[in-house]
Amino acid sequence: MDRQRRDGLKHISVWAGLVAAGPVWAQAPGPRSAAALSAIVETLTGAKVEAIQAGPLPGLHEVIVRGKVLYIDDSGEHLIQGQIVEIAQRRSLTAEREAAYLRATTPVLNLKDLNLADAITYVRGKPSEGRVLVTFEDPRCGFCRQLHTLLDGMRDLTVHTFPVSFLGPESRALNERIWCSGSRVQSWNEAMAGKPVAGAAACEFGALDRNMALAERFRVRGTPTIFTATGRRFDGVVGLDAIESALASVG
């Protein structure tokens, strides 16, 4: 959530910079190949084009970058960021395409495939088969603190939290203190309660780097992101009933 708002502002500043910078390629008449159009988009965005195909309107190509749909015209002279809406049905073709692409390309999280040594694990009550959650959380995220309070009220629940640093260097520094502390669970609880976490001796925290890569693999864009052991996903804080229903369906 917090990261999504920050990413939106960053995205705006990137496009503003592109406008100020002006053209970055020589103009050429006529339509360009998909490879040439992809190269233009990658130059502008600094990111790899994941897919390119004919767009929903004549003369437009749909280009996917970082899971987001952009459009570029045949000539490669205009790059468009925004929603194409089918007025009759009042539906966003862009949003539908992004959702379909993410479903098709995002792997399903499975507990048995995870390295739980990179997580902070705590149990509420007694361990119970099927009553397991995997979360990606930033220790400075307000919504994560709400989730922590919510989960405190659940019975016989095991939570594997992969700490990530979406909110910048301060989050990373706090994660390092938590990871190197004598009790990661206690330090995490203190951070979730808004309490200061004391400094600790230096330790190896490659797990924090691996967690960021793991979040990218599963396209985790904001915190908290919650999964059941079999991959049911919730983006953000949801109600207790929704979580209990998802856990009950785990076979």
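Q: What counts as a disulfide here?
A: A pair of cysteine sulfur atoms within 2.5 Å.

Q: And how many disulfides does that rule give?
A: One disulfide. Keep in mind that this is a predicted model.

Q: Which cysteines form the disulfide?
A: Cys-180 and Cys-203. Their sulfur atoms sit 2.0 Å apart.

Q: Left-handed or right-handed?
A: Left-handed, with -80° about the S-S bond.

Q: What does the pair tie together?
A: Parts that are 23 residues apart in sequence, because Cys-180 is in the loop between helix H5 (169–179) and H6, while Cys-203 is in the loop between H6 and helix H7 (206–217).

Q: Is Cys-180 buried or exposed?
A: Buried, at 15% relative accessibility. The cut-off for buried is under 20%.

Q: What about Cys-141 and Cys-144, buried or exposed?
A: Cys-141 is buried, with a relative accessible area of 0%. Cys-144 is buried too, also with 0%.

Q: Cys-144 is in H4, then. Which residues of helix H4 are buried?
A: In H4 (residues 142–152) they are Cys-144, Leu-147, His-148 and Leu-151.

Q: Where do they fall, seen down the axis of H4?
A: Within an arc of 105°, so the buried residues line one face of the helix.

Q: What covers the buried residues of H4?
A: Strands and helices. Among them are strand S7 (120–124), strand S8 (132–137) and strand S9 (157–163). Helix H6 (184–192), strand S10 (225–228) and helix H8 (240–248) are also included.

Q: Switching to the open sheet. What is its strand order?
A: S1-S2-S3-S4, four strands with antiparallel pairing. Strand S1 (49–54) and strand S4 (79–80) are the edge strands, each pairing on one side only.

Q: How many bridges join S1 to S2?
A: Five, between S1 and strand S2 (residues 60–65), which run antiparallel. Within that pairing, Ala-51 stands opposite Ile-64 in S2.

Q: Which helix packs on the sheet, touching S1, S2 and S3?
A: Helix H3 (residues 93–105). Its direction makes about 125° with that of S3.

Q: And which helix lies across S1, S2, S3 and S4?
A: Helix H2 (residues 34–45), running at about 135° to S1. Strand S3 spans 68–73.

Q: Last thing, confidence. What pLDDT does the chain average?
A: It averages 88, and 88% of the residues score at least 70.

Q: Where is the pLDDT below 50?
A: Over residues 4–22. That stretch has 12 contacts in the model beyond near neighbours in sequence.

Conventions:
Residues numbered from 1 in each chain as written. Predicted model: local features only at pLDDT ≥ 70, side-chain atom pairs only at ≥ 80, totals over all residues. Heavy atoms only, no water. pLDDT = per-residue confidence, 0-100. Contact = heavy atoms within 4.5 Å. Buried < 20%, exposed > 50% of the residue type's maximum accessible area, 1.4 Å probe, protein only. Helix = DSSP H or I, 4+ residues; strand = E, 2+ residues; numbered from the N terminus. Arc of directions from axis to C-beta. Pairing = 2+ DSSP bridges. Axes fitted to C-alpha atoms, helices over the stretch in contact; angles between N-to-C directions.
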